Amino acid sequence: MKKLKEYLVPTVTLFIICLIATLLLGVTNSVTAPIIADLAVETEKKSRQVVFADAASFGEAETAEDGTSVVTALDEAGNVIGHVVVNIAKGYGGDISVMTGVDKDGKVTGINILSHGETAGLGAKAAEQSFRDRFVGLIEGITVSKDKAGDNSVDAITGATITSRAVVEAVNAAIQAAGGADNG
């Protein structure tokens, strides 16, 4: 009996501690999850204005089967002036979520990196303004250059060519999705 008590008391104590910790984590999650979701929606709305500064407002998001989201950019009169597309490409460190603004002529108005898992100091430079600005004014068929960028190409980030290619892939796909939204 003494042996049983010797094992039972610590086991029950540990079980109670784990139960309380689990309940507290569950309550914390239920309180913070809606706040986090609202913050993500608000951040995405602000990002739309960053990648398509000329838009006065935006329509509702339409999401394709592959997860690509397309939102119509509107002027003050409610006329369509382009689209904002959110899609994902595979980078060196995992998925890179890219938001791209595309005007009616198929030109990039801006890009924003919403999330990534790229290497700090290398691939993470894709989120910097200096890299994102390289895309403004480009059209479908953008390429990556390791040397000197041409008319419709961007210089790769030094030491992060895979990341650079992934962002270019996402932007090219966004231009196609925006064109499809105009035709669909």
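This is a short talk on one protein chain, from its overall build down to a few side chains.

Okay, hi everyone. Before we start, this is a predicted model, so local features need pLDDT of at least 70 and side-chain atom pairs count only at pLDDT 80 or more, while totals for chains, interfaces and linings use all residues. Residues are numbered from 1 along each chain as its sequence is written, and side-chain values use heavy atoms, leaving out hydrogens and water.

Let's begin with the whole thing. The protein chain has three helices and eight strands. Helices here are DSSP runs of H or I with at least four residues, strands are runs of E with at least two, and both are numbered from the N terminus. Reading from that end, the order goes α-β-β-β-β-β-β-α-β-β-α.

How does the radius of gyration of the protein chain stand against that of a compact globule of 184 residues? The globule would be near 16 Å, but this chain has 23 Å. That radius is taken over C-alpha atoms, and the globule rule is 2.2 Å times the number of residues to the power 0.38. The C-alpha atoms fill a box of roughly 85 × 45 × 25 Å along the principal axes.

Now, what's covered up? Of the 184 residues, 33% count as buried. Buried means under 20% relative accessible area, exposed means over 50%, and partly exposed is in between, with a 1.4 Å probe and protein chains only. The accessible surface of the chain comes to about 11,300 Å², and 58% of that belongs to carbon and sulfur atoms. Those areas come from the Shrake-Rupley method with a 1.4 Å probe; for residues, only the protein chains shown count as cover.

Next, have a look at helix α1, residues 2–51, where you'll find L8. L8 belongs to a nonpolar surface patch that also includes L4, V12 and F15, and the whole patch has about 880 Å² of accessible area. To be in a patch, a residue needs over 30% relative accessible area and no salt bridge; like charges are joined within 9 Å, and nonpolar side chains (Val, Leu, Ile, Met, Phe, Trp, Tyr) within 5 Å. L8 counts as partly exposed because its relative accessibility is 47%.

How many salt bridges does a search of the whole structure find? Two. The term means a side-chain nitrogen of Lys or Arg within 4 Å of a carboxyl oxygen of Asp or Glu. One joins R48 and E44, at 3.5 Å from N to O. Both lie in helix α1, four residues apart, about one turn of the helix. R48 is buried, at 12%, whereas E44 is partly exposed, at 26%. K90 and D95 also form a salt bridge, with their closest N and O atoms 2.8 Å apart. Here K90 is exposed, at 63%, and D95 is partly exposed, at 38%.

Let's move on to strands. β5 (residues 95–103) and β6 (residues 108–115) pair in the antiparallel sense over six bridges; pairing takes at least two bridges found by DSSP. They make a hairpin with four residues between them, and G106 in the turn has a positive phi of about 85 degrees. V102 has V108 as its bridge partner in β6.

V108 comes up again with V136, which touches V108, T109 and G110, not counting residues up to four places away in sequence. Contact means heavy atoms within 4.5 Å. V136 itself lies in the loop between α2 (129–132) and β7 (143–145). That's my tour, thanks!
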